[in-house]
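Biologist: Can you take me through this one? I'd like to start with what your terms mean.

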Amino acid sequence: MALIGFYIYYKVTERDAKLQKDIESIDKRNAILKKAISQNYASIDVFLTNASATENNPTLFKENFNKFFNITTNKGDNMLGNLLDVVNENYYNIIDKLKRDYPNLIYEELALCALICLGFSSSSIGIIFGNTKANSVYNRRYRLRKKLNISPNIQIETFLEDTIEQLKTLKVND
């Protein structure tokens, strides 16, 4: 009887520890997302304030727009500075996996993966990266495809979706 009681106590304690770990993980994730959202709202406010000050100067507006959204400037001092954190948290740590499996990926390539995960179109990605030529995004995608060793008959979107699905399956089985 004592053995059964000990076993039940052990299982309850084990389950309690796992639940506590899950709660801490959720709290951490919520803190990251909350910070990202509040920073993005603050950034939007600054951008809109600056936009109203440049409404009669389209060139200055375009320059400010590019600084604000261009992901290649300042590696995080822009609207999309938390992009990698948000995508990583919402897509089963895909950014961490890409960093681990493909250590030669640079920030812009990880950001491109994140934007693709979020479903951004090539034209939107071009605007975010500050590309003025239509082929620029396709060139970025081609270089990314080579670094990820993706076969030509598989789209980057499919590769990322499959990777997310694998990560999701691993998470469920944990």
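Modeller: Buried means under 20% relative accessible area, exposed means over 50%, and partly exposed is in between, with a 1.4 Å probe and protein chains only. This is a predicted model, so local features need pLDDT of at least 70 and side-chain atom pairs count only at pLDDT 80 or more, while totals for chains, interfaces and linings use all residues. Residues are numbered from 1 along each chain as its sequence is written, and side-chain values use heavy atoms, with hydrogens and water left out.

Biologist: Is Tyr92 buried, exposed or partly exposed?

Modeller: Tyr92 is partly exposed, with a relative accessible area of 32%. Tyr92 lies in the loop between α3 and α4, and has a positive phi of about 55° although it is not a glycine.

Biologist: What about Asn93?

Modeller: Asn93 also has a positive phi, near 65°, and is a residue other than glycine. Asn93 is in the loop between α3 and α4 and is partly exposed at 38% relative accessibility. Most residues other than glycine have a negative phi.

Biologist: Back up a bit. How many helices and strands does the protein have?

Modeller: Eight helices and zero strands. These are DSSP runs numbered from the N terminus: helices are H or I with at least four residues, strands are E with at least two. Of the 174 residues, 32% count as buried.

Biologist: At what angle do α3 and α5 pack?

Modeller: About 50°, with the axes 9 Å apart. Axes are lines fitted to C-alpha atoms, for helices over the stretch in contact, and angles run from 0 to 180 degrees between N-to-C directions. Angles under 35 degrees count as roughly parallel, over 145 as roughly antiparallel, 65 to 115 as roughly perpendicular and the rest as oblique. α3 and α5 are therefore oblique to each other. On the α3 side Leu83, Leu84 and Val87 meet residues of α5 including Leu110, Ala111 and Ala114.

Biologist: And how do α5 and α7 cross?

Modeller: At roughly 100°, with the axes coming within 11 Å. α5 and α7 are therefore roughly perpendicular to each other. The contact is made by Glu108, Glu109, Leu112, Cys113 and Ile116 of α5 and Arg140, Arg141, Leu144 and Lys147 of α7.

Biologist: What comes after α5?

Modeller: α5 is followed by Gly119, whose phi is positive, near 85°.

Biologist: New topic. How many aromatic pairs are there?

Modeller: One. Rings of Phe, Tyr and Trp (its six-membered ring) pair if their centres lie within 6.5 Å; planes under 30 degrees apart count as stacked, over 60 as edge-to-face and the rest as tilted. The rings of Tyr102 and Phe159 have centres 6.4 Å apart and planes at 70°, so the pair is edge-to-face.

Biologist: Where do Tyr102 and Phe159 lie?

Modeller: Tyr102 lies in the loop between α4 and α5 and Phe159 in helix α8, so the pair ties together parts that are 57 residues apart in sequence. Tyr102 is buried at 17% relative accessible area, and Phe159 is buried at 18%.

Key. Contact = heavy atoms within 4.5 Å.
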